[in-house]
Amino acid sequence: MTAALVAGLLAGYGIAVPVGAVATYLVSLTARTSLRTGICAALGVATADGLYALVAALGGSALAAALRPVLVPLRWASALVLAFLAVRGAVTAVRHYRGHRLATRSAPPPPSPARAYLALLGITLLNPTTVIYFAALVLGTRATDAVSPLEQGVFVLAAFAASASWQLLLAGGGALLGRVLTGSRGRLVTALVSSGVILLLAVRMLL
């Protein structure tokens, strides 16, 4: 039981801690909206990690074999979604900065917490790196004896908890960043830097 708990925590932090496009978007989204929206978005990422941990723990080698033919389409879909978010974020930031006096009429409303949750859940589910990571981890650490359903459940819950704790930390950082950068120029620079990083990571995903 303890081994499953430790393995799940290590797996969750292992996939969550490396800062990528999704983490960058999460911080930027929280900085532009609110901590509540950021928390929901963070839980969306953690939910996807938990679902992939569950599927990987139950599917094993069959999962890896089934995903192999669709890895390229998944990678393209994920990169295109991230690129769209980066371009839209940059365009919106520039438009808002140029017409900040009319921002209440021209700027689109921020996403609701529920919409932020679903958006980050979908983006993370499109990322093939997550499922391959969990599948490889489970296959590489599985012992010769059968793993009990209880141990599988502990592994999945621990992976979700680890991912959620890290994503919530990122959301908290985004909220603090949003409070510091109260000026329109500061928010513009933050949005443009975030969009550039997301776009570069999306291109790197394809390469």
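How do the axes of α2 and α7 cross, and within what distance do they come? In this predicted model, the two axes come within 11 Å and cross at roughly 165°. Angles over 145 degrees count as roughly antiparallel, so α2 is roughly antiparallel to α7. As for handedness, α2 passes α7 in a right-handed crossing. The residues that meet here are Val22, Tyr25 and Leu29 on the α2 side, with Ala116, Leu120, Ile123 and Thr124 on the α7 side.

Helix α2 covers residues 21–32, and Thr30 is part of that helix. Setting aside neighbours within four places in sequence, the contacts of Thr30 are Leu35, Gly38, Ala171, Gly174 and Ala175.

The average over the protein is 76, and 71% of the residues score at least 70. Among the elements, helix α7 (residues 113–125) has the highest mean pLDDT, at 91. At the other end is helix α6 (residues 103–106), whose mean of 46 is the lowest. Over residues 101–106, pLDDT stays under 50, and the model has two contacts beyond four places in sequence for this stretch.

Key. Residues are numbered from 1 along each chain as its sequence is written. This is a predicted model: local features need pLDDT of at least 70, side-chain atom pairs count only at pLDDT 80 or more; totals for chains, interfaces and linings use all residues. Side-chain values use heavy atoms; hydrogens and water are left out. pLDDT is the predictor's confidence in each residue, from 0 to 100. Helices (H or I, at least four residues) and strands (E, at least two) are DSSP runs, numbered from the N terminus. Contact means heavy atoms within 4.5 Å. Axes are lines fitted to C-alpha atoms, for helices over the stretch in contact, and angles run from 0 to 180 degrees between N-to-C directions. Angles under 35 degrees count as roughly parallel, over 145 as roughly antiparallel, 65 to 115 as roughly perpendicular and the rest as oblique. A crossing is left-handed if the near helix is turned anticlockwise from the far one by less than a right angle, and right-handed if clockwise.
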